[in-house]
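Q: Can you walk me through this one? Start with the terms, then the helices.

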Amino acid sequence: MDFRSRLREAIEFSGLLDKEVAERAGITKRAIDSYVGSRSCMPSADVAVRLANVLGVTVEFLVTGETASKNNSQDSQPQIETLIKYFYSLPHEEQQAFMILLKKCSTCNAVH
């Protein structure tokens, strides 16, 4: 899996539209399209940092697929990278069921 695929997955997992991610990261939607499109290009380091912050992942995850710090056991909050990897290891039908459940929960303000 490459940067483009991980960025696309992180955007989908976030539940945000490409346009929303672009706005929050201070870039254009056209820039997002260039990063996730078939002719993908790599963003500059500062843009990659802003995208990672918006999506709740690390730049290291977007670039390599690895989590930043494996020794950070004090962090009780689950890592979004781990959740994304688990989600994409599920069969497609289970991914769809999970997304339906997530959307129902978010409309009830149960997911933030």
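A: Helices are DSSP runs of H or I with at least four residues, strands are E runs of at least two, and both are numbered from the N terminus. Phe 13 is found in helix H1 by that rule.

Q: What kind of model is it, and what pLDDT do local features need?
A: It is a predicted model: local features need pLDDT of at least 70, side-chain atom pairs count only at pLDDT 80 or more, and totals for chains, interfaces and linings use all residues. Residues are numbered from 1 along each chain as its sequence is written, and side-chain values use heavy atoms, with hydrogens and water left out.

Q: How many helices and strands in the protein chain?
A: Seven helices and zero strands. Along the sequence the pattern reads α-α-α-α-α-α-α.

Q: How much of the chain is buried?
A: Buried residues make up 30% of the 112 residues. Buried means under 20% relative accessible area, exposed means over 50%, and partly exposed lies in between (1.4 Å probe, protein chains only).

Q: Back to Phe 13. Buried or exposed?
A: Phe 13 has a relative accessible area of 14%, so it is buried.

Q: What does Phe 13 touch?
A: Leaving out residues up to four places away in sequence, Phe 13 touches Ile 80, Leu 83, Ile 84, Phe 87 and Phe 98. Contact means heavy atoms within 4.5 Å.

Q: And how far is Phe 13 from Met 99?
A: Their C-alpha atoms are separated by 8.8 Å, and the two residues are 86 residues apart along the chain.

Q: Where does Ile 80 sit?
A: Ile 80 is in helix H6, residues 80-89. Not counting residues up to four places away in sequence, Ile 80 touches Phe 13, Leu 55, Gly 56 and Val 57.

Q: What about the phi of Gly 56?
A: Positive, near 75°. Gly 56 follows H4.

Q: Switching to H2. Which residues are buried there?
A: Asp 18, Val 21, Ala 22 and Ala 25. They cover an arc of only 100° around the axis, which puts them on the same side of H2. The arc is that of the directions from the helix axis to the C-beta atoms.

Q: Why would residues three or four places apart point the same way?
A: An α-helix has 3.6 residues a turn, so residues at that spacing point the same way.

Q: What does the buried side of H2 pack against?
A: The buried residues of H2 pack against helix H1 (3-14), H3 and helix H4 (45-55). The face of H2 turned away carries exposed Glu 23 and Arg 24. Just after H2, Gly 26 takes a positive phi of about 75°.

Q: How do H2 and H3 cross?
A: The axes of H2 (residues 18-25) and H3 (residues 29-36) come within 8 Å and cross at roughly 115°. Axes are lines fitted to C-alpha atoms, for helices over the stretch in contact, and angles run from 0 to 180 degrees between N-to-C directions. H2 and H3 are therefore roughly perpendicular to each other. Angles under 35 degrees count as roughly parallel, over 145 as roughly antiparallel, 65 to 115 as roughly perpendicular and the rest as oblique.

Q: Which residues make that contact between H2 and H3?
A: Asp 18, Lys 19, Val 21 and Ala 22 from H2, with Lys 29, Ile 32 and Asp 33 from H3. By class, that is three nonpolar, no polar and four charged residues. Ala, Val, Leu, Ile, Met, Phe, Trp, Tyr, Cys and Pro count as nonpolar, Asp, Glu, Lys and Arg as charged, and the others, Gly among them, as polar.

Q: And H2 with H4, at what angle?
A: Roughly 120°, with the axes coming within 9 Å. H2 and H4 are therefore oblique to each other. Val 21, Arg 24 and Ala 25 in H2 meet Arg 50, Leu 51, Val 54 and Leu 55 in H4. That contact has five nonpolar, no polar and two charged residues.

Q: Which residues of H4 are buried?
A: Val 47, Ala 48, Leu 51, Ala 52 and Leu 55. They span an arc of only 135° around the axis, which puts them on the same side of H4. Exposed Ala 45 and Asn 53 are on the face turned away.
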